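Visitor: I have a model open and would like to learn how to read its features. Could you walk me through it?

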Amino acid sequence: MTQKLIVVGAGMATGRMLEALFDASADYGVTLFNAEPRGNYNRIMLSPVLSGEKTYDEIVTHDTDWYAANGVTCRFGERIAAIDRAAKTVTAENGDVIAYDKLVFGTGSNPFMIPLPGHDLSGVIAYRDLEDTQRMMDLGPDSKCVVIGGGLLGLEAAAGMAARGVDVTVVHIMGHLMERQLDEAAGYLLRKALVDKGITVKCSANSKEILGADGHVRALLLDDGTELPCNLLVMAVGIRPNVKLAQECGLAVGKGIHVDDQMVTSDANVLAVGECVEHDGAIFGLVAPLYEQAKVAAQTLLGEDAQFVQKELSTKLKVTGCDLFSAGDFADGEGREDIVFRDPARGVYRRLVIEGNVIKGAVMYGDTANSNWFFGLIRDKTDVSDMRDTLIFGPAYQGGTPLDPLAAVAALPRDAEICGCNGICKGQIEDAIAGGATDLSAVRATTKASGSCGTCTGLVEQVLAVSLGDDFVVPAAAAVCGCTDMTHEDVRRMIKSQKLTSMPAVWQECGWKTSCGCHVCRPALNFYLLADWPLEYQDDPQSRFINERKHANIQKDGTFSVVPRMWGGITTPNELRAIADAADKYMVPTVKVTGGQRIDLLGVKSEDLPDIWADLNAAGMVSGHAYSKGLRTVKTCVGTDHCRFGTQDSTGLGIKLEKELWGSWTPHKLKLAVSGCPRNCAEATCKDIGVICVDSGYQVSIGGAAGMDVKETELLVQVPTEEGAVEVIKAVTQLYRENAKYLDRIYKWMGKVGLDWIKERIVDDLQSRGELVARFELSQSIYRKDPWAEHAQTKADRYQPLANLSLEAAE
Amino acid sequence: MTDWIDIAPLDDVPKRGARMVKTALGCVAVFRTADDEVFALDNACPHKAGPLAEGIVHGKSVTCPLHNWVISLETGQAQGADEGQVNTYPARIENGRILLDRTFLRARAVA
């Protein structure tokens, strides 16, 4: 006897299930309800429809003839009013009551709409069905659209509209695009490709409000005050299983409709498939498991034994020109290792996550031709130990050659500036080489490249090697760390000339061999990026040593020391009282006077830091940055204020300098001193920068040291005025910030570039001096502020334990 | 049988960062990697008991802030030429929250 089957929802899963049933000639009379006024179509192909690469007709999976041939009663555009599971009947919207033997839910999912103010304005849509797609297709080429959500769906919507000439901005709350499928490095490449398509991408952006005019969307307002005008706003931030009907008829429901391995719900006569189900805690949004569920549901309906098993999933983005692939699991689990391959020339990034001898996950960007091969290895848990060394190159390269360390330089365009001092581009060097300059000195003689400060020598040699092949051997130079073959100087040059403004950009374009750097390279890169791109780059505390992250010096027992700033070494009774009070209140075990003329409170607990800072702030004191690779102190003598030998106001100049320079980050620590006369009581001639006051002005000298090395400063210039001294010091500080290797003090840097090179830029060329001062000021507009006040006010909770389980019983 | 204790939202620990959890028997460091994995280890380097929670997290390792020993977050083993190991404890993420296994308290009580 023919059984009665009612299917609620004509989606991709139920469509596939019906196919399987009819293929097996199952004896079911089917009634198919669908809320959308149409039958089954391939929903995941809406993106090609949007971009114009396909038409709707091409993505219909089942047409009227198919339904008729299989005897399906179609009730499209009709919703279900109620289900009576005891009576086994369904009541349609128009009041029809229909009996069933088996009922299948395929109610799919609902797009999640963030309840921002204004989300109900007209022109605010999701990206879910043909109607939404049509709204986007109806936008004229001069329109603007904002897409909230930088996941798979949001980006496909954005790319589709951009292909139609719409001005699209993607707003994404996380730090990089598609963060669930991609790591930062692949996210960086994807963003670059989308920007090339004319799409504006804003990451780490919080939406605050949707602004309207006359009931229609007008703009999106971000919480930083930015307004993004738009005619249409698409929210693509995720889906929620549609469980309303299942819930109303009393089925067991969690995140989705609960099903067992046979796709049967809590009612033996009711099944569910697709995005509406929850199986073993998981919900589903990709098509592969939905088809698998459909197959299992059909077998269950046929009375066959079948089980749905969750499998590894892979993701591909359907955007022309963005080749990306992600599969398996590159998070969670123990004992895993990375294999990373980057080809800066082709914009290729590949990362495999290996556990034991099996690939667990893969992320690829730029060249996904072998993705199925890798996916096969993941799915089949193939033992890869025999091909491990060349695995990352793909199936064709088993036994092939390893990565070329010159790839990054080979990839540079001809107009990439190699020598910053003389403005020499790669093309000019190549021309010189072609003209017969086949070694470094010849290139230097013909082009001047690397002839000034010399820090680009490594890159010039690499251009020689790329051009001449085996005829030129690059002298070995110390790489930054094991993550790269490049030297610090090479990397700094790349950051400047290729305008690399983020860490993932550096990793990719310089061919980093690890996925996210290490404790050696990350602090250096963080400094280079913030020094060269103060506005574009955002400081990354997680790439800083603990002292700079917590703004205090860690001690051997894990406590910290706290040193408030005493401008020019001058303090007041009130400040001293506040320091004494703080020492008492926080039970500071040691109070010490430092060599930089201030007071060190040693042995403060991490949890107490924000409180002690707040107390010191209240007395008008700020961080002394005693922990930073940045300006430490400006030591002074009393000068003309009190001293009978003083020639100038050395204390006043010291305070001025400290107020101008504090908060600035430098390659290593920066200590200054100002002495009021050549007797030099402030010991200015062994500082990084020292000033000796004389009757006729101020002698500024640089490159002193009084640590492992002891060195006397060398005179940079004598200037007649205090303003002149401040300007020269700002300029030399900026020159040092822009050019030195991370962790080189000024004397080491000076040893490499030479004092004359520094003088040329600061003493001889006043325009260059002015520009350096301007760039220093620009950076200081961001960084000249008290981190203690900021942390005490907004980040105090980060200094507390995450949880306190001391009272939690062990048993 | 595992008995998971809800510790805190994942977002309370920065990516490539750590926070510590106090217990009656000393502190445990909870790490979060760039790929959103969490690991729990004793907050004391095998070298000179440096607070690992204050170190720089890279890949699945942390570098001790005192003398740059690199410790594997997965095994607790010191990497490279250094020798030593710290205890590790089960940790996982569920619904955006960090969970630790209660047995770790018991293991610490025995240790």
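Visitor: In which sense do strands β3 and β4 of chain B pair?

Guide: Two strands pair if DSSP finds at least two bridges between them; strands themselves are DSSP runs of E with at least two residues, helices are runs of H or I with at least four, and both are numbered from the N terminus. Here β3 (residues 26-32) and β4 (residues 38-42) of chain B pair in the antiparallel sense over five bridges. To find one by eye, take B:Arg32, whose bridge partner in β4(B) is B:Val38. Keep in mind that this is a predicted model: local features need pLDDT of at least 70, side-chain atom pairs count only at pLDDT 80 or more, and totals for chains, interfaces and linings use all residues. Residues are numbered from 1 along each chain as its sequence is written, while chains are lettered from A and ligands numbered from 1 in the order in which they are written.

Visitor: What is the strand order of the open sheet that holds β3(B) and β4(B)?

Guide: It goes β39(A)-β2(B)-β3(B)-β4(B)-β8(B), five strands with mixed pairing. At the edges you'll find β39 of chain A and β8 (88-89) of chain B, each pairing on one side only. β39(A) joins β2 (residues 17-23) of chain B in the parallel sense over three bridges, and A:Ala803 has B:Val21 as its bridge partner there.

Visitor: How many residues does each chain give to the contact?

Guide: Residues are in contact if their C-beta atoms, placed from the backbone, lie within 7 Å. Chain A gives 31 residues and chain B gives 36. On the chain A side, β23 (336-343) and β39 (803-805) are the elements that give two or more residues, with the largest share, three residues, coming from β39(A).

Visitor: Is α14(A) largely enclosed or open, and why?

Guide: Count a residue as buried if 20 or more other C-beta atoms lie within 10 Å of its own, as exposed if 12 or fewer do, and as partly exposed in between, with C-beta atoms placed from the backbone. Nine of the 12 residues of α14(A) are buried, so this helix is largely enclosed by the rest of the structure. Among the buried ones are A:Leu459, A:Glu461 and A:Val466. The cover includes α12 (426-434), α13 (440-447) and α15 (488-497) of chain A.

Visitor: At what angle do the axes of α15(A) and α17(A) cross?

Guide: Two packed helices are described by the angle between their axes and the distance between the axes. Axes are lines fitted to C-alpha atoms, for helices over the stretch in contact, and angles run from 0 to 180 degrees between N-to-C directions. The axes of α15(A) and α17 (residues 521-532) of chain A come within 10 Å and cross at roughly 35 degrees. Residues of α15(A) including A:Val491 and A:Ile495 take part, meeting a set in α17(A) that includes A:Tyr528 and A:Leu529.

Conventions:
Two residues are in contact if their C-beta atoms, placed from the backbone, lie within 7 Å.
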